[in-house]
Every structure is written in C-alpha cells, then in structure tokens.
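Let's take a friendly walk through a protein model, one stop at a time. Have the sequence and the 3D view ready so that you can follow along.

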Amino acid sequence: MKRVQTPIYMDHHATTPVDQRVLDAMLPFFTEQYGNAASTSHVFGWTADEAVERARRQVAEAIGATPQEIVFTSGATESNNLAIKGLLTNSKSERPHLIVSAIEHRAVLDPARHLAESGCDLTIIPVNESGIVNPGDIARAMTDRTVLISIMTANNEVGTIQPIREIGCIARERGVLFHTDAAQAIGHIPVNVDDENIDLLSISAHKVYGPKGIGALYIRRRRPRIRLNAQIDGGGHERRYRSGTLPVPLIVGLGTAMTIAVESMSTETVRLAELRDHLKTALMERIPDVVLNGAESPRLPHNLNLSFAGMDSESVLTEMRDIALSSGSACSSAEPEASHVLRALGYDEARVKSSIRFGLGRANTSDEVDYVVEQLVDTVNRLRRASPRYRVDQHREANHLTTMEQ
Ligand SMILES: *Cc1c(COP(=O)(O)O)cnc(C)c1O
C-alpha cells in the first residue's frame with residue numbers, strides 16, 4: 001500500500017482548513033488595506049467597504065439572494081441566535097410558538113429552549129430512524145401562534161438532507177416564517193432561498209474552507225419583509241442587525257470561500273461521494289456487524305456515520321492517533337455527551353456509543369481512504385478479540401438466529 005502522510009484529517013463536519021486561495025485573498029486586508037469599512041472620509045475606508053460589499057455579493061450569489069439580504073455575523077451559532085431570538089422576541093403574540101427538529105445543532109436547540117423558559121411555546125419535531133423530518137408532522141404541529149419553523153438543511157452528524165422545499169412550502173402557505181441552519185449544506189448541495197421558500201438562512205465560513213469566526217445570516221427582504229430584534233447593539237452596523245466593526249479580512253475570506261465552493265461543487269460532489277462510498281463498502285465488507293446510521297440518501301456526499309457493534313468509539317479513536325475522526329459521544333460541542341442526534345433517530349445506547357463519524361474533504365485522497373480502512377479493520381478486530389462482552393453478544397445473537405429459524 002502507498003504511504004500517506006499522517007495525521008490524516010477526516011473530520012470536516014467539525015471544521016475545514018482555510019483554502020490557500022481564501023487565505024491569499026484575505027492577507028492584504030490585515031496589513032495593507034486595514035481600513036475600517038465604516039470610515040467614509042478616506043481611501044482606506046473606501047477600499048475596505050468595497051471589499052466587504054464584494055464579499056456580500058459573493059455570499060448572496062451562492063444562495064440566490066440579493067446583497068442587501070446578507071448580514072455578517074461571527075458564525076452560524078450567532079446567525080441562529082439572531083434569527084430565532086430576534087424573530088421570537090419581536091413577535092406581537094403573547095405566547096409565540098416555535099417549531100424545531102430534534103436533530104438540530106445545539107446552536108438552534110439551546111436558544112429555542114432558552115426562549116421556552118421565558119414564555120415561548122416550543123415544539124420539537126421528532127425524526128424517523130433515517131434521520132429525516134416528516135413535513136406532515138410540522139404541518140400538524142402548527143398553531144395560530146406559530147411564528148417560526150427552524151429546520152436544518154443538512155445534519156452535521158449523519159449528513160441527512162431535510163425536505164426543506166416542502167417545509168418551506170408549508171410555512172409559506174400558513175404565513176409562518178422558515179429558518180434553516182445551512183452550515184453543513186452550503187458548498188456541498190445547491191441551496192436557493194427563492195426556490196426553497198427560505199426566509200432566514202445561517203452560514204458558517206469555517207465549514208466551507210473559510211476562516212473561523214465569520215458567518216452570515218440571510219434575512220428575506222421581500223415577500224415577506226422580515227424584521228428582527230438585534231441581539232448586539234452598538235454602532236448600527238449591518239443595517240442595525242449586528243453592530244460591531246466589520247472584520248474585513250474574515251469577510252473577504254467568507255466571500256471567496258463561498259465562490260470557490262459553488263464553482264467546485266459539481267465536481268467535488270461526485271469525487272467525495274465516490275470516496276465516501278468506497279470507504280463505506282470497504283469497511284462494511286471487511287468488518288462484521290457494522291451498521292450505517294441515518295439514511296443512505298438523501299445524504300451529504302462527504303458524510304459517513306457507522307456503528308461498530310460491541311465497540312466504544314472513544315476507545316477506537318484513541319487507538320488511532322494519526323487519524324482525525326469523530327465519535328458519537330464527543331460530538332462537536334464543548335461538553336461531551338452521547339449524541340442527541342443519534343438518540344433522536346431511536347438508536348439504543350450501545351449503537352450511539354459505538355458510532356464513528358467520517359467527514360471527507362477537499363484534500364482527502366483515495367490512498368488516505370485506504371489507510372483509514374486498514375487502520376480501522378485492524379483496530380476494531382483487535383479490540384473485539386480482547387472484548388469478552390462482544391463475544392458473548394455474538395454468541396447470543398447466533399443463538400437467537402437459530403431459535404428464530406426453528
Ligand atoms: C458548525 C455548525 C454550527 C456552528 O457554526 P459556528 O460558525 O462554528 O458558530 C451550527 N450549525 C451547524 C449545523 C454546524 O455544523
């Protein structure tokens with residue numbers, strides 16, 4: 001087998017490296033073009049402002065929006081907070097109602113729960129074991145007081161893609177607004193705010209080969225025109241939605257990253273899906289008792305999430321120090337706990353604890369995939385041989401099968 005350079009990074013749902021072209025575009029705005037985009041009386045300010053407005057057009061173009069509908073934030077967490085809190089706290093209703101799904105990122109679930117503690121009604125829609133929301137459940141959950149539906153475009157753990165067009169339709173028909181956390185989807189699948197009836201959409205640069213600490217919120221301006229309460233007040237930047245001096249280099253990075261992602265999407269999607277499918281087939285063929293978590297399709301092309309029966313995924317990952325993957329128990333948050341996403345799919349504790357998430361990316365090669373397969377086959381088989389529990393489970397399973405056949 002060919003030698004590969006280690007460590008190997010296959011955790012692109014957690015974050016991605018900054019693309020060299022993105023960095024090149026950013027660099028002059030740190031040292032030469034360092035003006036404040038709000039300075040209107042000199043060329044330093046004008047240059048910064050032009051760069052910001054170019055990036056705003058790039059972001060808008062990537063999702064079929066107009067530049068005036070893009071507000072720069074510090075990332076998808078802030079965008080989600082601004083969309084959800086900004087809208088619900090602006091509602092005239094005594095007890096506004098919010099609908100989210102059980103597999104949302106914590107950056108949606110936590111603000112939603114926060115609002116529920118302070119007088120909003122919250123419905124958390126379940127998902128089926130494929131990890132897909134049923135639009136019918138959303139229609140049934142809606143009341144006269146429903147203000148917002150927030151359903152992610154694609155999930156960060158199992159990669160499942162939600163029927164956002166249908167959800168957008170249902171929302172539009174009932175005059176309810178629709179927000180989608182598209183942090184994992186942008187740059188991987190086409191997203192168009194008009195085709196999909198999206199009113200608010202969250203973006204994060206560091207999930208698409210841009211820098212950390214920058215993101216955007218799309219806020220629809222026509223049919224309907226949306227009004228939100230700002231969550232950060234100050235100098236009135238970003239049409240008063242988000243005050244604070246604009247981080248010009250980061251904004252330039254976001255804009256460039258979005259343009260590159262859209263341009264390379266069609267070829268990258270095919271390449272990554274092929275690598276992912278090869279990874280999946282090889283692991284399932286060579287390791288017994290492996291199950292796929294979440295639907296095979298529709299799914300992000302670069303996502304794979306598998307459970308290895310009898311294993312504790314944390315132990316598996318600790319054994320493979322030169323490969324960066326993610327376990328269902330550590331997820332992406334600062335506080336490790338069993339994945340609420342996998343539990344929402346109805347999986348038992350053992351399946352959740354034995355899950356490993358693979359997130360392929362732009363720089364991954366098929367040699368790296370082969371290396372990861374070899375390492376995993378070796379590690380799982382070795383750990384299983386050492387685990388009396390797995391052997392007992394296997395034995396029980398075999399007995400169970402023979403009894404069923406009788
Ligand atoms: C990464 C991620 C976020 C958080 O984005 P930040 O820009 O890091 O705040 C929110 N939602 C989803 C689905 C994500 O994958």
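Which backbone nitrogen does the side chain of histidine 237 reach? Keep that in mind as you read the first stop; please also remember that this is a predicted model.

The side chain of histidine 237 reaches the backbone nitrogen of glycine 244, at 3.0 Å. You can find histidine 237 in the loop between S8 and H8. Apart from neighbours within four places in sequence, histidine 237 is in contact with Ala38, Arg242, Ser243, Gly244 and Thr245.

Glutamate 238 lies in the loop that runs between strand S8 (215-219) and helix H8 (248-286). Is glutamate 238 buried or exposed? Glutamate 238 counts as buried because its relative accessible area is 8%, and the cut-off for buried is under 20%. Its side chain has a partner: a polar contact of 2.9 Å joins glutamate 238 to the side chain of arginine 56. Not counting residues up to four places away in sequence, glutamate 238 touches Arg56, Ile70, Val71, Phe72 and Leu246.

## Around the ligand

Now look at the ligand. The residues around the ligand include Gly75, His105, Met152, Asp181 and Ser204. The shell divides into three nonpolar, seven polar and two charged residues.

An oxygen atom of the ligand is 2.9 Å from a polar backbone atom of alanine 76. With threonine 77, the side chain takes part: one of its N or O atoms is 2.6 Å from an oxygen atom of the ligand. Lysine 207 also has a polar side-chain atom 2.6 Å from a ligand oxygen atom. Taken alone, the ligand exposes 380 Å², and the protein buries 88% of that.

## Two domains

The protein is divided into domain 1 (8-16 + 265-405) and domain 2 (20-260). Taken over C-alpha atoms, the centres of the two domains are 30 Å apart. The contact between them takes 32 residues from domain 1 and 34 residues from domain 2.

## Serine 307

Next, find serine 307 in strand S10 (residues 303-308). Serine 307 counts as buried because its relative accessibility is 2%.

Leaving aside neighbours within four places in sequence, the contacts of serine 307 include Asp289, Val290, Val291 and Ser354. Phenylalanine 72 is 235 residues from serine 307 in sequence, and their C-alpha atoms are 38 Å apart in space.

## Details of the backbone

The backbone has some details to look for as well. The peptide bond from threonine 6 to proline 7 is cis, with omega near 0 degrees, and proline 7 sits in the segment before strand S1 (8-9). Another cis peptide bond leads from arginine 223 to proline 224, with omega near -5 degrees. Proline 224 is in the loop between S8 and H8.

Tyrosine 209 is not a glycine, yet its phi is positive, near 65 degrees. Tyrosine 209 belongs to the loop between strand S7 (200-204) and S8, and is buried at a relative accessible area of 6%. Aspartate 289 likewise has a positive phi, of about 55 degrees. The place of aspartate 289 is the loop between H8 and strand S9 (290-292). Aspartate 289 counts as partly exposed, with a relative accessibility of 34%.

Note on methods
Residues are numbered from 1 along each chain as its sequence is written. This is a predicted model: local features need pLDDT of at least 70, side-chain atom pairs count only at pLDDT 80 or more; totals for chains, interfaces and linings use all residues. Side-chain values use heavy atoms; hydrogens and water are left out. A residue is near a molecule or strand if one of its heavy atoms lies within 4 Å of it. A polar contact is a pair of N or O atoms within 3.5 Å; within protein, one must be able to donate a hydrogen and the other to accept it, and residues adjacent in sequence count only if both atoms are side-chain atoms. Accessible areas come from the Shrake-Rupley method with a 1.4 Å probe; for residues, only the protein chains shown count as cover. Ala, Val, Leu, Ile, Met, Phe, Trp, Tyr, Cys and Pro count as nonpolar, Asp, Glu, Lys and Arg as charged, and the others, Gly among them, as polar. Helices (H or I, at least four residues) and strands (E, at least two) are DSSP runs, numbered from the N terminus. Buried means under 20% relative accessible area, exposed over 50%, partly exposed in between (1.4 Å probe, protein chains only). Contact means heavy atoms within 4.5 Å. Domain bounds come from an automatic or database domain assignment.
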